[in-house]
Amino acid sequence: MTTPSTTKPSPGRYPEIYARSIDDPAAFWGGAARAIDWIAQPREVFDPAIGTYGRWFVGGICNVCYNAVDRHVSAGRGTQAAIIYDSPVTGTSRTVTYSDLLAEVRTLAGMLRDLGVEKGDRVVIYMPMIPEAVFAMLACARIGAIHSVVFGGFAAAELATRIDDAKPKVVLSASCGIEPSRVVAYKPLLDLAISMAEHQPDACVILQRPQFTAELKQGRDRDWAETRAASAAAGRGVDCAPMGATDPLYILYTSGTTGKPKGVVRDTGGYMVALRWSMDGLYDVKPGEVFWSASDIGWVVGHSYIVYAPLLTGCTTILYEGKPVGTPDAGAFWRVIEQYKVSALFTAPTALRAIKKEDPDGLLIRNYDLSTLRTLFLAGERADPDTVIWAGEKLGVPVVDHWWQTETGWGIAGNPVGLGLLPVKAGSTGVPMPGYRVETLDEAGHPVGPNKMGSIAIRLPLPPGCLPTLWQQKERFVESYLAEFPGYYKTADAGFCDEDGYLFIMGRTDDIINVAGHRLSTGGMEEVLASHPDVAECAVIGMHDELKGEVPCGFVVLKSGVSRAPNEIEREIIALVRDRIGPVAAFRIAITVARLPKTRSGKILRGTMKKIADHQPWTMPATIDDPAALDEIASALAAHGFAKVSAA
Ligand code: COA
Ligand code: AMP
C-alpha cells in the first residue's frame, strides 16, 4: 500500500527529536517552554493526576496576548508588521504593526472590561476576516475572557446552539461579511440566533462596515466605533491578566456525530508551547518572516496559524479576505505571496484544486516573483497526489501535507521541515510530530502491523496544545474520544502506517465529511432532512467531488400519502439545510427514493451507498434485507445525472 518516495532520504534531526519527546516528555516540552515568557514557571511540566488524562504546565502563570504582542514591542519589533490585511473583496489593504496591535488590543480589552467582561467570561466573536476580529481574540486573551469564534458561513440556528452552550456575556460582531457573489448581512442572522437561544448576552457590539449598515437595537446593541472610542477616551487600556497555564483560552465548536457541536476547549500554556515549537520544527519559519495561512479565523487552522502561532513567533501574518479564484482570478494567491514576500503558505487542497481547474498549466504563476516562498503546507482534508504533484512542479517548492484536527490544535503528523525535510511520500501525511504516539488499532483495540488499515488512535497523554476536555461536557469527551480504546484518544480517522512510520489517512470512521476543507456532520444534516414534514426517513452520504473533495448527497423517502412533486420537496429540503446549517454545508443534492437499502436488522447501508455514488467497486452486503434496494439507489443517482455502476 505504500507509494514510492519522490525525493532522496535525509533523516535530519527528526528521529532524535521525536525519540526525545517520547522518552522524556518533561525534558522535551520543558525545553520548548523556554520560548515562552512566563509570569511564574510551571510547577510541573506534566501532572498525570489532574484532568481527564493529565494536564500540561501545571502551576505556570502566563498570558497569551503578552506573548503574542507586548513582548515583541518590548523586544524592538514595534514597527514590524504584525498583521497584513489584504481584502480583494473590498479592494482594500491595511498593515497593523506590533505597536498598533498593542494599542488596539489594550483599548479593546478596556472596552470589554467596560462591558462587564471578566476573567473566565465567554465572548462570542461572529466576524468576517477583518483585523478587528483578531484584535477581539487577543483582547479576550488579554483579560482572560474565553473567546468562541463562530464561522460566518453558518446559519442562525448553528450560532444559537453555540450561544446556548458557551453562554457569552458579550457578542462581538460586524454588520456584514463579503462573499464574491453577495454581501452577507450578519446582524439579521445574529438577531435571529439570539431570538432562538435561551441564553441572552448582555451586549452585542457591532462593527459597521461601509458595505452594509446594520440596524442596532436600543439597549442591547452597541456601535463598535463609539464604544471603543469611549473606552479609549477614558484611557481604559488594560494590561495582561495573569492566567493559569491550564485556564481555557478559547472554545471552538466543531461537528460531532449529532447535530449538537462539540465545544473543543483549548488551554493557555500548553497551546503556546506547542504552537511555538511547531513554527520552528514543523514550519521552519522564523521571527520577522511572513507566514500566510489562507484559512478563516472561524476554523482551527485560522485560530492557530493565522492568529496565535505567527504572532507568538514574532512573524507577520496575512489576513486574507478573499478566495483562491475569482478575486479576481486564479493568480490571487501568487499575487499575495509576491506582494508581501511570504515565506510559507498553508492552505487546503481544495483551494489548489480550484486554482488548478482555472489555470491548469499554472500560467498565472509565471507572472509573479515567488522567490521568497520556501514551502507549501496542506491540511484539512485528504490531499490527492495529483494536486500535490501539480503544486510541487508548478511552484518548485516542497509540498508538505500534514494531518490534524480541531481537537489537537496543531499537526499530529507532518514533514518537519525545520528538523530537515524527510523524504516526501505522495498520499502520506508524514510522520508523527513530537509527543504524538500514533498507533493503528483493530476493532478490539490491538495495534496492527505496518501497512494494515485500522482506526488511528493516539496513546495518552496527548501532547501540549491538544484539548483537555469538551466545554462543560466531560462525559461526552470521555465517551467520544477515550472510551472505545482505553488508554488512547480515538481520532475517528482510519488509515495505516507504513514500515517507515509514515501515516496515510484515508477517511473518517464516523459520519463526519469534509466539504471544501470544512468539517461537517452528515448526522446533523439528516436531523434537518428528517424535520421536513413530508420526509419519512433519510440518509446523507459524502459523495466524491473533484473540487470540494466531498459534497453531501441526501436521499429521502417520503411519507405515504404525500402527493406533492418530489422535485418540489427536494428544493425545500435543500433550502432547509441552507437555512438551518448554512451555505457552508454546500448541500445541493437531494434525491427522493422509494426506500433506503438496509440490513435485515434495519441499519441503513450508507457505506455501500457511498461506494455506488463514488463509482467505486462494491459488493452486496451479506446482511442486506433486499438487494434490489441498492439497484434503486444506483438508478436514482443515474436519473439525477450521476452514472450507475453495477456490483463487482
Ligand atoms: N461567510 C458566509 N458564507 C460563506 C463563507 C463565509 N465566511 N464562506 C463560504 N460561504 C458560502 C459561500 O459563499 C458559498 O455560498 P453559495 O452556496 O451561496 O455559493 C457556500 O458557503 C459554500 O462555500 P464553499 O464550499 O467555500 O464554496 P465556494 O464555491 O464559495 O468556494 C473554494 C470554493 C474551494 C474556493 C473554497 O471552498 C475555499 O477556498 N476553500 C478553502 C477552505 C479552507 O481554507 N478551509 C480551512 C481548512 S485549512
Ligand atoms: P478539522 O477538525 O476541521 O480540522 O477536521 C479534521 C479532519 O479533517 C480529520 O479528522 C481528517 O478526517 C481530516 N483531515 C485533516 N487534515 C487531513 C490531511 N492532511 N489528510 C487527510 N485528512 C485530513
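This is a predicted model: local features need pLDDT of at least 70, side-chain atom pairs count only at pLDDT 80 or more; totals for chains, interfaces and linings use all residues.
Figure 1. The closest cysteine sulfur belongs to Cys240. It lies 11 Å from the sulfur of Cys62, which is too far for a bond. A disulfide is a covalent bond between the sulfur atoms of two cysteines. To count as one here, the two sulfur atoms must lie within 2.5 Å. The structure holds 0 disulfides.

Figure 2. Cys497 takes part in no disulfide. Its nearest cysteine sulfur sits in Cys466, 18 Å away. Is Cys497 buried or partly exposed? Its relative accessibility is 21%, so Cys497 counts as partly exposed. The cut-off matters here, because buried means under 20% relative accessible area.

**Figure 3. The surroundings of ligand 2.** A shell of 16 residues surrounds ligand 2. Which residues are closest to ligand 2? They are His402, Thr406, Asp493, Arg508 and Arg519. By class, the shell splits into 4 nonpolar, 6 polar and 6 charged residues.

**Figure 4. Polar contacts of ligand 2.** Start with Asp493. An N or O atom in the side chain of Asp493 is 2.6 Å from an oxygen atom of ligand 2. Asn514 also meets an oxygen atom of the ligand, through a polar side-chain atom at 3.2 Å. Gly380 works through its backbone: an N or O atom there lies 3.1 Å from a nitrogen atom of ligand 2. On its own, ligand 2 exposes 490 Å², of which the protein buries 94%.

**Figure 5. Ser148, a buried strand residue.** Look for Ser148 in strand 7, which spans residues 146-149. Its relative accessibility is 1%, so Ser148 counts as buried. What does Ser148 touch, not counting residues up to four places away in sequence? Its contacts are Val123, Val124, Ile125, Ile251 and Tyr253.

**Figure 6. The loop between strand 17 and helix 11.** This loop runs between strand 17 (316-320) and helix 11 (332-340), and Pro328 is found in it. A cis peptide bond joins Thr327 and Pro328, with omega at about 0 degrees. Gly331 is found in this loop too. Gly331 is buried, with a relative accessible area of 0%. Leaving aside neighbours within four places in sequence, Gly331 is in contact with Leu364 and Tyr368. Gly331 and Tyr368 are 37 residues apart along the chain, yet their C-alpha atoms are separated by 8.5 Å.

**Figure 7. The cis peptide bond at Pro461.** Where is Pro461? It sits in the loop between strand 24 (454-459) and helix 14 (474-482). The peptide bond from Leu460 to Pro461 is cis, and its omega is near 0 degrees.

Figure 8. Ala586 has a phi near 45 degrees, a positive value in a residue other than glycine. Its loop links helix 16 (566-580) and strand 31 (589-592). At 7% relative accessibility, Ala586 counts as buried. His615 also has a positive phi, near 60 degrees, and it too is a residue other than glycine. The loop that holds His615 lies between helix 17 (606-613) and helix 18 (628-639). With a relative accessible area of 40%, His615 is partly exposed.

How values were computed. Residues are numbered from 1 along each chain as its sequence is written. Chains are lettered from A and ligands numbered from 1 in the order in which they are written. Side-chain values use heavy atoms; hydrogens and water are left out. A residue is near a molecule or strand if one of its heavy atoms lies within 4 Å of it. A polar contact is a pair of N or O atoms within 3.5 Å; within protein, one must be able to donate a hydrogen and the other to accept it, and residues adjacent in sequence count only if both atoms are side-chain atoms. Accessible areas come from the Shrake-Rupley method with a 1.4 Å probe; for residues, only the protein chains shown count as cover. Ala, Val, Leu, Ile, Met, Phe, Trp, Tyr, Cys and Pro count as nonpolar, Asp, Glu, Lys and Arg as charged, and the others, Gly among them, as polar. Buried means under 20% relative accessible area, exposed over 50%, partly exposed in between (1.4 Å probe, protein chains only). Helices (H or I, at least four residues) and strands (E, at least two) are DSSP runs, numbered from the N terminus. Contact means heavy atoms within 4.5 Å.
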